[in-house]
Amino acid sequence: MYQDKELREYRDLLQPPSHFEEGFGWKTVIGAIFIGFLMMPGSMYLQLVIGQGIGPAARWVTIILFAEVAKRSYTELKQQEVFLLYYMAGAALASPFQGLLWNQYLVQSDAARMLGLTEFIPAWVAPQPGAGSLLERTFLHGDWLIPILLLVGAQLIQRIDHFGLGYALYRITSDVEKLPFPMAPVGALGTMALAESAEDRKTGWKWRVFSIGGVIGLGFGAIYVLLPALSGLLLAEPVRLIPIPWIELTRYTEDALPAVATGIQLDMGLLFIGMVLPFWAVIGGLIGLIVTVVANPMLYENGILHRWHEGMGTVETVFANNFDFYMSFGIGLGLSIGAIGIWQVIRSFMQHDRQLDFKALFNPPKGRGDINFWLSIGIYVASTLAYVALCVWLVPSFPWVFFLLYGFVYTPVVSYVTARMEGVAGQYVSLPMVREASFIAGAKYFGYSGIEIWYAPIPIHNYGEATVQFRQIELTGTSLRGIIKAELVVFPVVMIASLIFSQFLWRLAPIPSSNYPFAQELWHLQALNSLLMQTSTLEGNSLFFQALSGKIVGMGLGLGIAMYALLSVFGLPIMLVYGVVRGLGQSTPHGMILEVVGALLGRFYFLKKYGKRWRHYAPVLLAGFSCGMGLMGMFAMGCTLILKSLGRLAY
């Protein structure tokens, strides 16, 4: 079975244990409440301010706090208890009601007014501009009752669905096909670092490396997050020694590099991410970025990027280029990645000379807490039918047969391809524009007109990624029964806390505004891209069709497949293809520089100094840095919420 050389290094980082435990107890319940009501608001605040939450940080902070409390109670956290806290933090920090903050902005946005879509956004998404709840900035109003009920219902189905097809595919790819899942150990190592006993810490390396990362994160977070937050409370304008989200250079380089978005994002976290990611994936991203820097001026000179003009910043440049070229080109590249993934699955089967033992589906390892395979299939069928019923109710004019095809044809196929790609090469596979193309077909051939379909909970899912999470659960020796119990506890906590703090943040200041710089800078671009696509299902000459070019889509598809064939012939790392596609994606490229610096440091300094141990060190170092940044973020969040709520009398 073919495997890329670099990814093969990740294969044997961890082996599954022979003993499993649930890890569920009173510590888990208290942990869920702690995460929901103390960590979640900090994560939501940072998402609006710097564009990234404290998901990883909240996990580590929670684990460290509970470990210290346990130590002072003359006990220790077991590895399974640590992972359960880690797992619950990830589920809790999803913050589903934060989507309502986006909805209230979208319906009032300049982008919606400019494209003439405001009146078409349905009331079960957000009330229309001028509604009392929008003027008062509150979700605790009758206008939001239906959107909130729909959100809670969809989230409930989603959490149950988690143990459906994703779990069934994990059993097939891990237990039957015994694929290695090379990236799963990376996610499990951080929790194991914090599960070390006091004796282990004296001789082990995990806690020491985690602490180093934590101190670096504290120092950088004090400058990047805490200083602007505290100075903004005391001064008329916040003091930012490091610009958020990036240093804007596009207007300074437009003469030499027309139609090229330039700048640099000075977030040290990108440096550590570059150390963790596969080296050739990062270098591929750099190559893709260099290609766009060279190609964009040429495309501009030839009149292809004709919407760009001097004076545009990063956001305007990226949107104009996407409209003229990169949206179509990116669709073609995405299709090539999907085609490559399907081909690798076929080739893997052709080269598979071992006999598959399907008895393993019904005889899992003892103590792992597995649920019946057929029950997981039943969960998938029931949840998909629930999604279909919800969509038929919300969008009755759209052909219901599409919903069945989404759930029972497309979803199983793409999920299995992704599961095998994750298992063999650690890569996520996505076929772009399937959802969008089906909406357009419904409008063109079945007479549908409107944009409600874009907001409905369509049963298009890719469960392949869930297989990696289940593999991580297995590697840490955690019983699946403990995970199920944790889900039952964390769901109500998430719903209540997310609503409370979404309301609180909105009452403190309009979102977006200068109080939330990342949202103020980037949400307009995101709204333009999102709403542009939605015009395709309205009658008349859609802006989406103006932006979509079949010729350019074909170019992207051909280039992606040609790159894969060339790399295969010369035996070069296939990860390079995925990296180049990411670099050519024409998103905001300013973070790529620090990622590349991190990859080069990891490859040519730390890997040579520490050898293969560096593969273990890097993810733990990143976890520590995230923890330090999260602590500073939480402190800044606490100061901001307390002082602003006292000053504004939000309630």
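Student: At what angle do helix H2 (residues 26–49) and helix H22 (residues 517–534) pack?
Tutor: In this predicted model, the axes of H2 and H22 lie 5 Å apart. Angles from 65 to 115 degrees would count as roughly perpendicular, and those under 35 degrees as roughly parallel. H2 and H22 are therefore oblique to each other. Their packing angle is about 55 degrees.

Student: How are H5 and H21 oriented to each other, parallel or oblique?
Tutor: H5 covers residues 98–108 and H21 covers residues 480–508. Their axes come within 8 Å and cross at roughly 40 degrees. Roughly parallel would need an angle under 35 degrees. H5 and H21 are therefore oblique.

Student: How many residues of the contact of H5 with H21 are polar?
Tutor: From H5, the contact uses Gln98, Leu101 and Gln104. From H21, it uses Ser498, Ser502 and Trp506. These divide into 2 nonpolar and no charged residues, and the polar ones number 4.

Student: What distance separates the end C-alpha atoms of helix H24 (residues 550–570)?
Tutor: H24 has 21 residues. At 1.5 Å a residue, H24 should span 30 Å.

Student: What arc around the axis do the buried residues of H24 cover?
Tutor: The buried residues of H24 are Ile552, Val553, Gly556, Gly560, Met563, Tyr564 and Leu567. Their arc puts them on the same side of H24. It is only 115 degrees.

Student: Which exposed residues does the face of H24 turned away from its buried side carry?
Tutor: Exposed here means over 50% relative accessible area. On the face turned away from the buried side of H24, the exposed residues are Gly550, Lys551, Val569 and Phe570.

Student: Which residue just after H24 takes a positive phi?
Tutor: Just after H24, a phi of about 70 degrees is taken by Gly571.

Student: Among contacts between residues at least 6 apart in sequence, what share joins residues at least 24 apart?
Tutor: The protein chain has 27 helices and 2 strands. Of its 651 residues, 58% are buried. Among contacts between residues at least 6 apart in sequence, the share joining residues at least 24 apart is 82%.

Terms used. Residues are numbered from 1 along each chain as its sequence is written. This is a predicted model: local features need pLDDT of at least 70, side-chain atom pairs count only at pLDDT 80 or more; totals for chains, interfaces and linings use all residues. Side-chain values use heavy atoms; hydrogens and water are left out. Axes are lines fitted to C-alpha atoms, for helices over the stretch in contact, and angles run from 0 to 180 degrees between N-to-C directions. Helices (H or I, at least four residues) and strands (E, at least two) are DSSP runs, numbered from the N terminus. Angles under 35 degrees count as roughly parallel, over 145 as roughly antiparallel, 65 to 115 as roughly perpendicular and the rest as oblique. Contact means heavy atoms within 4.5 Å. Ala, Val, Leu, Ile, Met, Phe, Trp, Tyr, Cys and Pro count as nonpolar, Asp, Glu, Lys and Arg as charged, and the others, Gly among them, as polar. The expected span of a helix is 1.5 Å times one less than its number of residues. Buried means under 20% relative accessible area, exposed over 50%, partly exposed in between (1.4 Å probe, protein chains only). The arc is that of the directions from the helix axis to the C-beta atoms.
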